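My entries follow in the order I made them.

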Amino acid sequence: MMNNLYPLLTGNYKEGVTDLDRLITPALMRIVRKKYRGYQKKFRYPDLTAGQKAEVRKYFGKYERVNLLCHRVFTGCSGKFHPEYISEEMYYRRIEPYYSDRLASKYLDNKCFYYRFFSSVKQPELYAMRIKGRWLDGHFRPISLEEAASIVGEQEKSVFKHATFSECGYGVYFLDDLNPEERQRRFMELAKAADPGRIDLVVQAAIDQHPAYAALHPSSVNTLRIISLLTKEGVKILASAVRIGAGDSRVDNLGYGGVLCCIHEDGSLGELGIRKDGTATREHPELHYQFDGIRLPYYHKAVEIVKRAHGIMGHNRFAHWDVAIDSSGEAVLIETNMAMGGGIDAVQESCGPLLGKYTREVLDEVYFRPDGRRRHRPYFGMNERNYFRLRDNLLAITAAYYKAGYTQIVLLCNAALRRLDRKAIRAISGSYPELTQEEIRAIRRYYDPYVKNVHTSSHRMYKAKSGVFHVDYVPEEMFLCDIDRYLSDRDMAYYLGNKCYQYRLFPDAKQPEAVAMRIGPIWVDRDYQPVSPKEVLRKVFAAGEVVIKGAQGSEGGADVHFLEIKKDRRESLKEFRSIIRSLKRDIVIQRTIRQHPDLARLHPESVNTYRIISLLLEKEVVILSCSLKVGAGKHRVDNGCSGGFYCGIDSSDRLRKIGSLDNGTTTTVHPDLGYTIEGIHVPALDQCKEMVKRCHPFMAYHRLISWDIAVDDTGDPVLIEANLCLGGSDDTQCINGPFFGKYNHRILDEVYHKK
């Protein structure tokens, strides 16, 4: 609310402080209207003619009534009238929220994530990054602040950037023209000044730009601003401009005096440059060369990397990209503005209408459904995530309702989690023996420094199922409501836990081969390039057998479907389409894996996977526990809700005595096949642990992760899923003992004494 109060009262926002992606519509409109009224008052642009007004109203009449102030400003500044100009009110109220999920932008538009999300394109060399208060080197290995300072001090030219809240060049500092000791000292000052709980950081190599771009303004890196739209047909380039610095500024942003000038498809500049104050100029304000006639090389390479990078952003289909051209003529991605970060006024004043030849096509899609009915005006406070948060919390609190694949469990509040947990334990605890009074007193003495009147029902269940009492069992209620919430950012997990992103987030881990993915409404191939539904069908039929998964909210094996292409291709096509229609959100289609023979023998129908739980400490990843999930019956998945069970693994890589079933009971033999569980040796567990230790450091927003890993027939670990939060603690503690083991007091002290 405070984020919106200042813009609502003043019509301004604070760079580096205001979270633009969270502004409500009235705050946005106050900022926009104040800006354009200021332009009109300052420059006194002539009013549009009656014919021009009629032309604009006729063009936009079937969409909405248009405020003509933007058309008046754009026409007065550029000297050219176009009825297709898009007003900022229409853009921020309807177009931008239709094509971009602002909350996804808040969590994913982070320069630290660029090195994974956009790994297919060239970026500035990474020296170090701070992500959620933890430093990593250029190879994503944990380091200390002092080690990061030492690395930066060795580089002659580097750039220190805020990875978030960095609009208009805010939070960018250059660490050159200093000796190594001064660079280290300056780096330490900047790092300590940036709030580690709120602002992530990256330190990159400075760009040595191409001479043709350096000639525009030698002091700054002059970048190309390319605006693209991701559609089902591919990536469309809507507008392009070059940003040119001015004065002594090292950055080319308009906020620091720079100029924005249109660039045509052949790389030639337009005749008009626009400055932040709304003034237009035909020459550089200091160097006095004319823009018209200059031709910049390698523009096509910048377009190529935008088209290559945009495919992964199916939830942010409208994006503004900043691309530099280095001294070797290669395009280098500097930044992308997924939502709200890229203004459209200067672009239209210099380049003409924002949407160009696609204007009608875009407006028709935004305002009308495919059947011709009018779309409802979006309510910005109720995007998909907020809808699920409201629905699922109400159901969980009032009806204790939870359904795997339906309930978005990561969005549940503490009251909802407590209601569900107590209902689940009550349903099965009646058959468990009561704890002794001495055991209850021991539990309360142990947890009294952290939680008053701790519930002992979890200890009762764990003791009954395992046959052993431990005072340091972590009560499930404490785990769900306090500990897991402290160790993992659940809002970010809602977006970052998308299985479509796993291929980029964990590039060092072998994963099932991707056939195709649907991110938002866009189908992409395994290289994140848009493909048609017909091409997706061809790939699926060529694969022969695939597994189709919901990429979000697939706890407990929900929304996991196996499809085997039959001889009757029509029947297979019908089944495929039925599965796709049943999955409402993102989808990933993968080739099925052939598991290791030793694991297949435990239950041949399902892929039996390890559940490895890891904890990220200051500079290391520790493995808390390992268990094996084994399927049962005819089910193809190994989850407990499908009849499978969890079995602990001891230090010699052998299964422990008991397996924990989802119905609250335990077993010492397989429910169907009848073999004894205890003592069975499991393969490749050490390799799986090493994979986890390689992958986890980058996920600093999620310090506690439950990994599901299979072993294929070649003996290689294969990452199936990373549960970034709420992986559960009950089954783990029943079969492996206290959740955090020797780290229990350390975690409890951190969670409860730092809250």
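Entry 1. I began with Ser-249 and set aside its neighbours within four places in sequence; the contacts left are His-217, Ser-219, Ser-220 and Tyr-256. I note here that the model is a predicted one. I located Ser-249 in the loop that runs between strand E8 (234-244) and strand E9 (259-263). Is Ser-249 buried or exposed? Its relative accessibility is 12%, and the limit for buried is under 20%, so I logged Ser-249 as buried. I then checked where its side chain points and found that the side chain of Ser-249 reaches the backbone oxygen of Val-251 at 2.8 Å.

Entry 2. I moved on to Asn-4, which I found in helix H1 (residues 2-10). Its relative accessibility came out at 6%, and Asn-4 therefore counts as buried. With neighbours within four places in sequence left aside, I listed Arg-22, Leu-23, Ile-24 and Ala-27 as the contacts of Asn-4.

Entry 3. Next I looked up Ala-280, which belongs to strand E11 (residues 280-281). I read a relative accessibility of 37% for Ala-280; partly exposed covers the range between the under 20% of buried and the over 50% of exposed, so Ala-280 goes down as partly exposed. Which residues does Ala-280 contact, leaving aside its neighbours within four places in sequence? I wrote down Cys-77, Leu-272, Gly-273 and Ile-274. I also checked Gly-76, which is 204 residues from Ala-280 along the chain, and the C-alpha atoms of the two are separated by 9.8 Å.

Entry 4. I finished with a helix pair. Two packed helices are described by the angle between their axes and the distance between the axes. I took both values for helix H15 (residues 414-429) and helix H18 (residues 476-487): the angle is about 155° and the axes are 9 Å apart. An angle over 145 degrees counts as roughly antiparallel, so I recorded H15 and H18 as roughly antiparallel to each other. I noted the crossing of H15 and H18 as right-handed.

I then asked which residues of H15 and H18 meet. On the H15 side I listed Asn-414, Leu-417, Arg-418, Asp-421 and Arg-422. On the H18 side I listed Glu-476, Glu-477, Leu-480, Cys-481, Asp-482 and Arg-485. Sorted by class, the contact of H15 with H18 has 3 nonpolar, 1 polar and 7 charged residues.

How values were computed:
Residues are numbered from 1 along each chain as its sequence is written. This is a predicted model: local features need pLDDT of at least 70, side-chain atom pairs count only at pLDDT 80 or more; totals for chains, interfaces and linings use all residues. Side-chain values use heavy atoms; hydrogens and water are left out. Axes are lines fitted to C-alpha atoms, for helices over the stretch in contact, and angles run from 0 to 180 degrees between N-to-C directions. Helices (H or I, at least four residues) and strands (E, at least two) are DSSP runs, numbered from the N terminus. Angles under 35 degrees count as roughly parallel, over 145 as roughly antiparallel, 65 to 115 as roughly perpendicular and the rest as oblique. A crossing is left-handed if the near helix is turned anticlockwise from the far one by less than a right angle, and right-handed if clockwise. Contact means heavy atoms within 4.5 Å. Ala, Val, Leu, Ile, Met, Phe, Trp, Tyr, Cys and Pro count as nonpolar, Asp, Glu, Lys and Arg as charged, and the others, Gly among them, as polar. Buried means under 20% relative accessible area, exposed over 50%, partly exposed in between (1.4 Å probe, protein chains only). A polar contact is a pair of N or O atoms within 3.5 Å; within protein, one must be able to donate a hydrogen and the other to accept it, and residues adjacent in sequence count only if both atoms are side-chain atoms.
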